[in-house]
Amino acid sequence: MADHPLPADETATRTAPAADASVGRSGAASRPAALAVRGLGKRVPLPSGELTILDAITFTIDAGDTIAIVGASGSGKSTLLSLMAGLDTPSSGEVVLDGEALSTLDEDGRARVRGEKVGFVFQNFQLLPSLTALENVMLPLELRGDRDAEGPARAILEQVGLGARLGHYPRQLSGGEQQRVALARAFVTRPSLLFADEPTGNLDSRTGQAIIELLFQLNAQAGTTLVLVTHDDHLADRCGRRLRLDGGRLVAPETQAT
Ligand SMILES: Nc1ncnc2c1ncn2[C@@H]1O[C@H](COP(=O)(O)OP(=O)(O)OP(=O)(O)O)[C@@H](O)[C@H]1O
Ligand SMILES: [Mg+2]
C-alpha cells in the first residue's frame, strides 16, 4: 500500500528527517534493497542482425538512495530505466523491485507493482492528450481508487508552478509545462521509487532548480528512492551515486562524497 499523500505545505519545508522513510512500513534495517539488477541484458532482432542495447548490467540500489544514470546519447539509459520499472522485459537477467522479481510476474502483476510502488517520468512525458493537466495528474490516484484525487492533484500542480494551468490540455502547454505535469503525475501517488528520464531536460535553470528541490524533498521527507537519468551535472552532483553507461555496459560506478 502506498503512503498517503503529504499535505502540500509539508513538502514545501525541509523539516522531517530522512528516517521518516520507514513510517508505515517495516523498519529500514529489515527492508530489502529497493532495487536489484542482475545480469540484465536487452537485445532486439533487426534485419541486419541482433542489436545488443544493454549487456550484463548488475547493481543494487538501497531504499532511500539517490542515483544518477549518466552516459552518452544512445548508451541505453532510457532502456535501462524502462526495464527497472517493469515497463519493458529483459532478454536476460532480472530486476527485483522492492523484493519482487519482475520476471515472475505477468503483465497484470507488473502493473500492480508499478501502481503500488513506482512513479515514472518519461523522456517524452506521455501525457494523455484528451485529459487536462489536472485530469492527467488525478488519473493515477483514481486508478488506485483514492476517493479524493482532485485535492492532492491540485496541490502538487501548484507546487510545480502550474496552478494557473489546471484546465489546459497538453497541446496547450509548453514543453517545460508538460514536463512539470509529468513530474506532478509521478509524484502524486508518493511512490517509494521514482524513475525520471531527464526530469530537467526541457526546463530553464530556475524552473529546473525548483524541480530538483522538489525531487530531493521527496527523497528526504518520504524516503523516496530516486533513479534519475540526466545530462545535467548539477542534478547528478546532488545524487549520492552515479552509474555510467557506455555502449550498453556499466562502466566503473563513480561514488561521490555527499
Ligand atoms: N526497440 C528498439 N529497437 C531497436 N533499437 C532500439 C530500440 N530501443 C532502443 N534502441 C536503440 O538502443 C540504443 C539505446 O537507446 P536508449 O533510448 O536507451 O538510449 P539513451 O541512452 O536513453 O539515449 P538518449 O540520451 O538519446 O535519450 C539506441 O541506439 C537506440 O537506437
Ligand atoms: Mg533516453
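The legends below describe close-up views of a predicted model.

Local features are described here where pLDDT is at least 70 and side-chain atom pairs count only at pLDDT 80 or more, whereas totals for chains, interfaces and linings use all residues. Residues are numbered from 1 along each chain as its sequence is written, and chains are lettered from A and ligands numbered from 1 in the order in which they are written.

**View 1. The shell around ligand 1.** Ligand 1 is surrounded by Val44, Leu51, Ile53, Gly71, Ser73, Gly74, Ser75, Gly76, Lys77, Ser78, Thr79 and Gln123. A residue is taken as near a molecule or strand if its C-beta atom, placed from the backbone, lies within 6 Å of it. Strand β2 (49-61) and helix α2 (77-84) each supply at least two residues of this shell, and α2 gives the most, with 3 residues. Helices (H or I, at least four residues) and strands (E, at least two) are DSSP runs, numbered from the N terminus. By class, the shell has 3 nonpolar, 8 polar and 1 charged residues. Ala, Val, Leu, Ile, Met, Phe, Trp, Tyr, Cys and Pro count as nonpolar, Asp, Glu, Lys and Arg as charged, and the others, Gly among them, as polar.

View 2. Helix α7 comprises 18 residues (205-222) and should span 26 Å at 1.5 Å a residue; its end C-alpha atoms are 25 Å apart, which agrees. The expected span of a helix is 1.5 Å times one less than its number of residues. The buried residues of α7 include Ile211, Leu214, Leu215 and Ala222. A residue is buried if 20 or more other C-beta atoms, placed from the backbone, lie within 10 Å of its own, exposed if 12 or fewer, and partly exposed in between. Just after α7, Gly223 takes a positive phi of about 70°. Gly223 is found in the loop between α7 and β8 (225-229) and counts as buried because it has 24 C-beta neighbours inside 10 Å. The C-alpha atoms of Gly223 and Leu193, 30 residues apart along the chain, are separated by 8.9 Å.

View 3. Ala56, in strand β2, has a phi near 50°, a positive value in a residue other than glycine. Ala56 counts as partly exposed, with 14 C-beta neighbours inside 10 Å. Gln126 lies in the loop between β6 (118-121) and α4 (133-143). Although not a glycine, Gln126 has a positive phi of about 55°. With 14 C-beta neighbours inside 10 Å, Gln126 counts as partly exposed.

View 4. Helices α4 and α5 (residues 150-159) pack at an angle of about 125°, with their axes 9 Å apart. Axes are lines fitted to C-alpha atoms, for helices over the stretch in contact, and angles run from 0 to 180 degrees between N-to-C directions. The two helices, α4 and α5, are therefore oblique to each other. Angles under 35 degrees count as roughly parallel, over 145 as roughly antiparallel, 65 to 115 as roughly perpendicular and the rest as oblique. Helices α4 and α6 pack at an angle of about 25°, with their axes 8 Å apart. That makes α4 roughly parallel to α6.

**View 5. The surroundings of helix α6.** Helix α6 (residues 175-187) has 13 residues and reaches 18 Å from its first C-alpha to its last, close to the 18 Å expected at 1.5 Å a residue. Of these 13 residues, 11 are buried, so α6 is largely enclosed by the rest of the structure. Among the buried residues are Glu177, Arg180, Leu183 and Phe187.
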